Amino acid sequence: MRGKFVRPPLTEKSVPLIQFPEFLENNAYQRPGNLADCNYRAMSVIEKNWQTTKPTIRERSKHMFNNDLFSDVKFVARGPNGESESKQVIPAHKFVLSISSPVFEAMFYGELAETTDSIELPDCEYDSLLELFRYIYSDEVNLSGSNVMGVLYLAKKYMVPSLTEKCTEYLQGNLDPSNVFSILPSAQKYEEKNLVDQCWKVIDKRTEKAVKSDAFATIERALLEEVVVRDTLTISEVDLFKEVMQWATKESEKRGLVADGQVKRRTLGEKIVKGIRFPVMTRGEFASVVLDSKILTLDEVSDIVKSLSSVKGT
């Protein structure tokens, strides 16, 4: 029968020499006080030699993303949902940013180069800026419905066309009636023709759902004008008129005005009012919906009624 074995305590002689360079400096070895300290020192050496585990420049560059190591500049951005009080910091490296963006090159190495090591960006949120930097450091980006417009803005601002393309591809792939009026204004602003064309296709094919979306109520009047004058919409004229009136009511109230007929007409402007094709409505639709809105003059009402009567007579 084998006797019970009692494990002896560690002694200086029983601890093997740990073969890490920093432990061998000056031919002196000091035993770590405990296991946690030993692990910490070992991990420090592994981190110190991180280059040896990343054979490609892409892997090494990715390792530096959002990393204080060798950082020579920091960016301060607004926190989630634009909260200015919860600012967050992203460490970065001027050289890496500059070889990816001519704007950063001018910022750090141009005639009017920044001399501060902390740059505050009040025009963007932390999540969007983080994705811009992720792409610059790794050619990877995590886009979502909540950050894509912010990332697109930064890609345009800092002249990173390949990231712009990633954003527009994402938007095209996720385009639908519920968000088309959120995406179209930015697509027009940044002159992304393919994305603009795709937006109009969605609006034309699924007009009724698109104009009933929450985003439609927030569009600028110039865009509403573009919508109303289109010949390719798939919606009845009376339903389009109702949504236009909803837009006018909300816009008037936003300006602190009482949304009566005259105010809504001024809010809409003559181009939109004239763009509505009243004569293609039925007399019942015109009488029950348009007349009650009180946005037309008596002469306009008379002319439209005559037109509707002549259409029925034929």
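Biologist: Why is Glu125 called partly exposed?

Modeller: Glu125 has a relative accessible area of 27%. Buried means under 20%, exposed over 50%, and partly exposed in between, with a 1.4 Å probe and protein chains only; Glu125 is therefore partly exposed. This is a predicted model, in which local features need pLDDT of at least 70 and side-chain atom pairs count only at pLDDT 80 or more, while totals for chains, interfaces and linings use all residues. Residues are numbered from 1 along each chain as its sequence is written, and side-chain values use heavy atoms, leaving out hydrogens and water.

Biologist: What makes the pair of Glu125 and Arg78 a salt bridge?

Modeller: A salt bridge requires a side-chain nitrogen of Lys or Arg within 4 Å of a carboxyl oxygen of Asp or Glu. The closest N and O atoms of Glu125 and Arg78 are 3.9 Å apart, and the pair forms a salt bridge. Glu125 lies in strand E3 (residues 118-125) and Arg78 in strand E1 (residues 73-78), so the bridge ties together parts that are 47 residues apart in sequence. Helices (H or I, at least four residues) and strands (E, at least two) are DSSP runs, numbered from the N terminus.

Biologist: How do you know that Asp123 and Lys157 meet in a salt bridge?

Modeller: Their N to O distance is 2.6 Å. Asp123 belongs to strand E3 and Lys157 to helix H6 (residues 148-157), so this pair ties together parts that are 34 residues apart in sequence. Asp123, at 29% relative accessible area, is partly exposed, and Lys157, at 30%, is also partly exposed.

Biologist: Why is Glu251 called buried, and what is Arg255 called?

Modeller: Glu251 has 12% relative accessibility and therefore counts as buried. Arg255, at 46%, counts as partly exposed. The side chains of Glu251 and Arg255 meet in a salt bridge of 3.6 Å, N to O.

Biologist: How many salt bridges does the structure hold?

Modeller: The structure holds 17 salt bridges.

Biologist: Why is Asp139 called exposed, and what is said of its phi?

Modeller: Asp139 has 51% relative accessibility, so Asp139 counts as exposed. Asp139 is in the loop between helix H5 (126-138) and H6. Its phi is positive, about 65°, although Asp139 is not a glycine. Most residues other than glycine have a negative phi.

Biologist: What makes Glu191 exposed?

Modeller: Glu191 reaches 70% relative accessibility and therefore counts as exposed. Glu191 sits in the loop between helix H8 (180-189) and helix H9 (193-205), with a positive phi near 55°.
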